[in-house]
Amino acid sequence: MKLSRGRNQVAIPGPSIIPDRVLNAMHQAAPDIYGEALISMTDGIYRDLKRVARTDGEVIVYLGNGHAAWEAALSNLLSPGDRALFISTGRFTHGWAAMAQALGIDVDLLEFGFESDVDPDVLAARLRSEGAENYRAVLLVQTDTASSVSNDIRAVRNVLDAVGHPALLMVDCVASLGCEPFEMDAWGVDVTVAACQKGLMVPPGLAFTFHSARANAARVPCRSPYWDWGPRMDAEVFYKRFCGTPPTHHLFGLRTALDILLEEEGLEQAWARHEIFARAIWAAVEHWGQEGNLTLNISDASKRSTAVTAIRTGPGEAKRLRAWCSDMGLTLGVGFVAPDADGDSMFRIGHMGHNNPPMILGTLATIEAGLVALKIPHKTGGIVAASGIIAAA
Ligand SMILES: *Cc1c(COP(=O)(O)O)cnc(C)c1O
């Protein structure tokens with residue numbers, strides 16, 4: 001029976017839920033793009049973005065998505081023919097590496113598959129191997145949104161230091177910024193790339209790059225005037241910061257989202273909340289999985305993202321479950337099992353950004369109802385396990 005009145009729940013790993021207050025902040029008349037009010041609001045946004053990334057470095061804001069941030073970072077630091085090491089723990093580094101290849105960068109891939117994080121010893125061995133001294137950059141994702149693994153970025157920095165390798169450390173935090181602990185400066189990250197539509201709760205449209213003083217000194221002549229950090233950093237007139245018209249209404253939305261994240265909740269509190277919701281989801285899946293085929297893609301809890309969870313099912317079960325939940329008003333994330341496979345036996349729950357217990361528990365309860373309705377084998381009571389985590393928090 002059709003039951004899906006009310007507000008739909010979208011539990012995909014980005015774009016994430018947009019707070020009504022962010023939407024409302026965007027709903028206003030066009031501002032004077034040369035006016036002092038917009039300029040000073042933008043100054044404040046830049047300051048606060050750096051607080052979110054925990055850096056005193058530079059932030060650049062583009063009209064763009066995560067792919068734009070990828071290309072921007074590559075374009076400012078790597079020239080055609082430069083060699084770089086891309087570390088893959090799922091799918092997203094492959095996308096970044098493919099873009100680098102198209103830009104003429106000499107790409108090496110260090111592959112850890114779809115169910116593990118970076119192994120520091122394997123990375124150290126690669127960095128000590130013949131020819132590795134040419135790597136100008138080492139690039140990876142903090143959270144791979146496909147596998148839902150979370151990499152220990154500090155450990156990667158430690159490997160570079162231990163080997164004495166001078167490569168720039170470039171990290172994709174599109175899925176994790178604002179959700180998972182990240183300390184750009186303390187962890188020695190040279191470049192962070194992010195976007196506004198995941199942990200930062202703003203509709204897709206803004207891309208961010210953050211870079212350290214070391215990365216700034218290592219800039220190469222940027223062949224794209226649009227991506228070039230130089231004019232944007234030294235903008236003597238406001239429009240040059242955006243290489244054209246500023247993204248006025250996205251900035252209004254982002255201002256409100258940053259207020260919610262930094263002033264009302266607090267960044268560390270947001271990290272802690274994400275962890276509790278993640279643990280509730282893991283408890284439910286582990287409980288269901290005591291019978292049947294549901295399992296968490298990342299078996300080691302300490303290596304799981306707290307922003308997104310990938311779940312494996314028996315053949316075809318994920319596809320049926322997603323369809324059933326969709327009819328009920330719940331959108332679950334599609335699964336990426338491998339670049340050449342479809343998502344029929346894997347799905348993802350996005351739990352980044354603007355969520356509360358009714359949203360998380362509602363998602364899990366709807367999934368459990370779907371498991372029952374579709375006669376997908378599972379141990380009943382996952383929702384009780386999840387509730388226990390929320391109750392204990
Ligand atoms: C979503 C995502 C991207 C891509 O972002 P787009 O806005 O879709 O271009 C890149 N990296 C990670 C880790 C992501 O989660």
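In these legends, contact means heavy atoms within 4.5 Å. We're looking at a predicted model, where local features need pLDDT of at least 70 and side-chain atom pairs count only at pLDDT 80 or more, while totals for chains, interfaces and linings use all residues. Residues are numbered from 1 along each chain as its sequence is written, and side-chain values use heavy atoms, with hydrogens and water left out.

**View 1. D82 and the residues it contacts.** D82 sits in the loop between α3 and β3 (83-88); helices (H or I, at least four residues) and strands (E, at least two) are DSSP runs, numbered from the N terminus. Setting aside neighbours within four places in sequence, D82 is in contact with L77, I105, D106 and R136. Its side chain also reaches back to the backbone nitrogen of S79, at 2.8 Å.

View 2. Around the ligand you'll find N65, G66, H67, W70, F92, T143, T145, D172, V174, A175, Q197 and K198, each with a heavy atom within 4 Å of it. Helix α3 (residues 66-77) gives the most to this shell, with three residues. By type, the shell divides into four nonpolar, six polar and two charged residues; here Ala, Val, Leu, Ile, Met, Phe, Trp, Tyr, Cys and Pro count as nonpolar, Asp, Glu, Lys and Arg as charged, and the others, Gly among them, as polar.

**View 3. Polar side-chain atoms at the ligand.** A polar side-chain atom of T145 lies 2.4 Å from a ligand oxygen atom, and one of K198 lies 2.7 Å from an oxygen atom of the ligand. On D172, a polar side-chain atom is 2.7 Å from a ligand nitrogen atom. The protein covers 89% of the 380 Å² of accessible area that the ligand has on its own (Shrake-Rupley method, 1.4 Å probe).

View 4. In α4 (residues 92-102), T93, W96, A97, M99 and A100 are buried, meaning under 20% relative accessible area, with exposed over 50% and partly exposed in between (1.4 Å probe, protein chains only). They cover an arc of only 160° around the axis, so they end up on the same side of α4; the arc is that of the directions from the helix axis to the C-beta atoms. The face turned away from that buried side carries exposed Q101 and A102. After α4 comes G104, with a positive phi near 90°.

**View 5. Helix α13 and its cover.** G382, A386, I389 and I390 are the buried residues of α13 (residues 382-392). Down the helix axis they fall within an arc of 95°, so they line one face of α13. What covers them includes α10 (267-288) and α12 (357-373). Over on the other side of α13, V384, A391 and A392 are exposed.

**View 6. T256 in helix α9.** T256 belongs to α9 (residues 248-265) and is buried, at 16% relative accessible area. Not counting residues up to four places away in sequence, T256 touches R21, V22 and A25.

View 7. The peptide bond from G14 to P15 is cis, with omega near -5°; P15 is in the loop between β1 (9-11) and α1 (20-26). S148, in the loop between β6 (143-144) and β7 (149-150), isn't a glycine, yet has a positive phi of about 65°. S148 is buried, at 3% relative accessibility. C243, in the loop between α8 (229-233) and α9, has a positive phi near 50° and is partly exposed, with a relative accessible area of 38%.

Terms used
Polar contact = N/O pair within 3.5 Å; in protein donor to acceptor, adjacent residues only side chain to side chain.
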